[in-house]
Amino acid sequence: MRCPFCGNEDTQVKDSRPTEDRSAIRRRRFCPGCVARFTTFERVQLRELIVLKRNGRRVPFERDKLQRSIDIALRKRPVEPDRVERMVNGLVRRLESLGESEVETDAIGELVMDALSNLDQVAYVRYASVYRNFREAQDFENFLSTLQGEEEKPAPVDD
């Protein structure tokens, strides 16, 4: 592993342990060149995913980009980082297990919205405002009214 500070190729692993949800291995590393310490995470990757953008471009899937977009929606919200990490891990696993090597951005967006709706309603609305490209306040009102309509539907009655 190359040192992110000095570029030295000869770094040493000082400690390895699984993350709390056991989805990755956390490694503490030491660089003898610049004496820096840093952490890396090793995750299982079931398949290489390609994201099919709306304009037709194909780009490699980036877990960090997914994480950043969710973090932006959750900024200043009272959600534990562990729950967010589990959600992101679950989303990546679902994407990898779809059986397709190419995934459309719309499919990713819908999965994220579904996960956020169960995690935090404010983050859900924030993410939806960007994902669905809200342009004016009326877009928010329309979205919130459909959201409230879903919550007010009576539960089906079993006979």
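Buried means under 20% relative accessible area, exposed over 50%, and partly exposed in between, computed with a 1.4 Å probe on protein chains only; at 0% relative accessibility, cysteine 31 counts as buried. This is a predicted model, in which local features need pLDDT of at least 70 and side-chain atom pairs count only at pLDDT 80 or more, while totals for chains, interfaces and linings use all residues. Residues are numbered from 1 along each chain as its sequence is written, and side-chain values use heavy atoms, with hydrogens and water left out. Helices (H or I, at least four residues) and strands (E, at least two) are DSSP runs, numbered from the N terminus.

**The sheet E1-E2-E3**

- Three strands form an open sheet in the order E1-E2-E3 with antiparallel pairing, where two strands pair if DSSP finds at least two bridges between them.
- E1 and E3 stand at the edges with a single partner strand each, so one side of each is left without a neighbour in the sheet; from one strand to the next, the twist averages 25°, with axes taken as lines fitted to C-alpha atoms (for helices over the stretch in contact) and angles running from 0 to 180 degrees between N-to-C directions.
- Six bridges join E1 and E2 in the antiparallel sense, and seven bridges join E2 (residues 24-30) to E3, which also run antiparallel.
- E1 and E2 form a hairpin with five residues between them, and arginine 22 in the turn has a positive phi of about 60°.

- Another open sheet is formed by three strands in the order E5-E4-E6, here with mixed pairing.
- Strand E5 (58-60) and E6 stand at the edges, each with a single partner strand, so one side of each is left without a neighbour in the sheet; the twist averages 35° from one strand to the next.
- Strand E4 (residues 50-52) pairs with E5 in the antiparallel sense over three bridges, and valine 51 stands opposite valine 59 in E5.
- Helix H3 lies across E4 and E6, running at about 65° to E6.

**Helix H2**

- Helix H2 (residues 81-96) has 16 residues and reaches 22 Å from its first C-alpha to its last, close to the 22 Å expected at 1.5 Å a residue, the expected span being 1.5 Å times one less than the number of residues.
- The buried residues of H2 include Val84, Met87, Val88, Leu91, Val92 and Leu95, and Asn89, Gly90 and Glu96 are buried as well.
- An α-helix has 3.6 residues a turn, so residues three or four places apart point the same way.
- The buried residues of H2 pack against strand E3 (37-43), helix H1 (63-73), strand E6 (102-104) and helix H3 (105-119), contact meaning heavy atoms within 4.5 Å.

**Aromatic pairs**

- The structure holds three aromatic pairs, for which rings of Phe, Tyr and Trp (its six-membered ring) pair if their centres lie within 6.5 Å, with planes under 30 degrees apart counted as stacked, over 60 as edge-to-face and the rest as tilted.
- The rings of phenylalanine 5 and phenylalanine 38 have centres 6.4 Å apart and planes at 70°, so this pair is edge-to-face.
- Phenylalanine 5 lies in the segment before strand E1 (12-18) and phenylalanine 38 in strand E3, so the pair ties together parts that are 33 residues apart in sequence.
- Phenylalanine 5 is exposed, with a relative accessible area of 57%, whereas phenylalanine 38 is buried at 8%.
- Ring pairs also link Tyr124, Phe134 and Phe143 into a cluster.

**Cysteines**

- A search of the whole structure finds zero disulfides, a disulfide being a pair of cysteine sulfur atoms within 2.5 Å.
- Cysteine 6 is in no disulfide, and the nearest cysteine sulfur, that of cysteine 31, is 3.5 Å away, which is too far for a bond.
- Cysteine 6 is partly exposed, with a relative accessible area of 41%, while cysteine 31 is buried.

**Positive phi in loops**

- Most residues other than glycine have a negative phi, and most peptide bonds are trans.
- Valine 35, in the loop between E2 and E3, has a positive phi near 65° and is exposed, with a relative accessible area of 58%.
- Lysine 76, in the loop between H1 and H2, has a positive phi of about 65° although it is not a glycine, and at 80% relative accessibility it counts as exposed.
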